[in-house]
Amino acid sequence: MRELFLTGATGRLGRTVQRVFTDQWNIHPCSLSRGEDLTVQDPVDVTPGETDFVLNCAALSSRGGCISNPVTAFKLNTLWPQKLAIFCRETNRRLLHMSTDLVYAGGIPPYTETSPAVPRSLYGWTKLLGDIAVQKSNPNACIVRTSILVGAAGAKMTTFSEDILSGSATHFHVDCFRNHTDISALAQFLSECLYSSRSGLILAAAPYAMSRAAYAYSLLQRDINLIPAPGDIPHDLTLKPSEVIG
Ligand SMILES: NC(=O)c1ccc[n+]([C@@H]2O[C@H](COP(=O)([O-])OP(=O)(O)OC[C@H]3O[C@@H](n4cnc5c(N)ncnc54)[C@H](OP(=O)(O)O)[C@@H]3O)[C@@H](O)[C@H]2O)c1
């Protein structure tokens, strides 16, 4: 049995991981609503002793949430991953840390592992600094960078496809391109990646990008409301992933 410490266990990806990982994994979940606040606790205090694998899905994951709570965003998205990476190196635990395409500016696609990252949001900056800290503190760790996640997650925050199908998303950007990535297929890849000896940055996402409007139309198959994306968000985040998901 592989013992996994899973942070962000109640989030979209955390819930999916718990559903998708096989029973070869014994998952030790951690989240804010369970009483574990990673902005104030140290890895040594929250990581169960028997775990030798760690998957860091905890994040302040919305642009608005980061703007309203910048200190929390920095502590959770940047400082916590750094502390966790050092702890995992010192205790010989295998660490996978989740990253986002929003670290890129959206101007010179397609993005690969060697593309320069210059975020356009506080969320993107806190995540990028976390990624860099993990890479520097623990060269054996993996940083898995993905795009917008879609599919049924059943978490407090919803995925883009859940928003489309529930009708809570009603207007769709025609000029905002992402690699809409199936959340269950990504979780399956994470399980394989955890058990591998891979290290460093991995772009793992759906093979091709499409506009958010095109993705919404592919799900609904009916006329939809098209709008331009606001100027302050990255427009073309097309990834050329080395790990094709789905
Ligand atoms: N969703 C996407 O489309 C997407 C795209 C690209 C990359 N990613 C990355 O994938 C990872 C997972 O994202 P997600 O969408 O699953 O996030 P999410 O749905 O927003 O879930 C965030 C998780 O972090 C936990 N958390 C928040 N504040 C905390 C704190 N102070 N202490 C401890 N735990 C805390 C939450 O716990 P509670 O529920 O208990 O509050 C929840 O379990 C993140 O690194 C994100 O950047 C996501």
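Predicted model: local features only at pLDDT ≥ 70, side-chain atom pairs only at ≥ 80, totals over all residues.

Biologist: Sheet first. How many strands form it, and in what order?

Modeller: There are 7 strands in an open sheet. The order is β2-β1-β3-β4-β5-β10-β13, with parallel pairing.

Biologist: Which are the edge strands?

Modeller: β2 and β13 (243–244). Each of them pairs on one side only.

Biologist: How many bridges do β1 and β2 share?

Modeller: 6 bridges, in the parallel sense. For a landmark, look at Glu3, which stands opposite Asn26 in β2.

Biologist: Why call β1 largely enclosed by the rest of the structure?

Modeller: Because 6 of the 6 residues of β1 (residues 2–7) are buried. Buried here means under 20% relative accessible area.

Biologist: Which residues of β1 point which way?

Modeller: Arg2, Leu4 and Leu6 point one way, while Glu3, Phe5 and Thr7 point the other way. All of them are buried.

Biologist: On to β4 and β5. How many bridges join them?

Modeller: 5 bridges join β4 to β5 (residues 142–146), and the two strands run parallel. Leu96 has Cys142 as its bridge partner in β5. Met98 stands opposite Val144 in β5.

Biologist: How many residues of β5 are buried?

Modeller: 5 of its 5 residues, so β5 is mostly covered. Both faces are covered. One side has Cys142, Val144 and Thr146, and the other has Ile143 and Arg145.

Biologist: Change of topic. Where is Ser31 found?

Modeller: Ser31 is in the loop between β2 (25–30) and α2 (43–46).

Biologist: Is Ser31 buried or exposed?

Modeller: Buried, because its relative accessibility is 5% and the cut-off for buried is under 20%.

Biologist: What does its side chain make a polar contact with?

Modeller: The side chain of Ser31 makes one with the side chain of Thr10, at 3.5 Å. Leaving aside neighbours within four places in sequence, Ser31 is in contact with Ala9, Thr10 and Glu36.

Biologist: And His180, where is that?

Modeller: His180 is in the loop between β8 (177–178) and β9 (181–182). At 9% relative accessibility, His180 counts as buried too.

Biologist: Which residues does His180 touch?

Modeller: Not counting residues up to four places away in sequence, His180 touches Ile148, Val150, Phe160, Ala206, Met210, Ser211, Arg212 and Tyr215. A polar atom of the His180 side chain also lies 3.1 Å from the backbone oxygen of Arg178.

Biologist: What separates His180 from Thr78?

Modeller: 25 Å between their C-alpha atoms. Along the chain they are 102 residues apart.

Biologist: Last topic, the largest pocket. What is its volume?

Modeller: About 1500 Å³.

Biologist: How many residues line it, and which lie nearest its centre?

Modeller: The largest pocket is lined by 50 residues. Arg12, Ser61, Ser62, Tyr123 and Met157 lie nearest its centre.

Biologist: Which elements give two or more residues to the lining?

Modeller: The helices are α1 (12–20), α4 (70–90), α5 (122–137) and α6 (160–166). The strands are β4 (94–100) and β7 (171–173).

Biologist: How do the lining residues divide into nonpolar, polar and charged?

Modeller: The lining of the largest pocket has 21 nonpolar, 19 polar and 10 charged residues.

Note on methods
Residues numbered from 1 in each chain as written. Heavy atoms only, no water. 1 Å grid on protein atoms, 1.4 Å probe; cavity = no way out; pocket = protein on both sides within 12 Å on 5 of 7 lines; lining within 4 Å. Points joined across faces, edges and corners; volume = space filled by probe spheres on them. Helix = DSSP H or I, 4+ residues; strand = E, 2+ residues; numbered from the N terminus. Nonpolar A, V, L, I, M, F, W, Y, C, P; charged D, E, K, R; others polar. Buried < 20%, exposed > 50% of the residue type's maximum accessible area, 1.4 Å probe, protein only. Polar contact = N/O pair within 3.5 Å; in protein donor to acceptor, adjacent residues only side chain to side chain. Contact = heavy atoms within 4.5 Å. Pairing = 2+ DSSP bridges.
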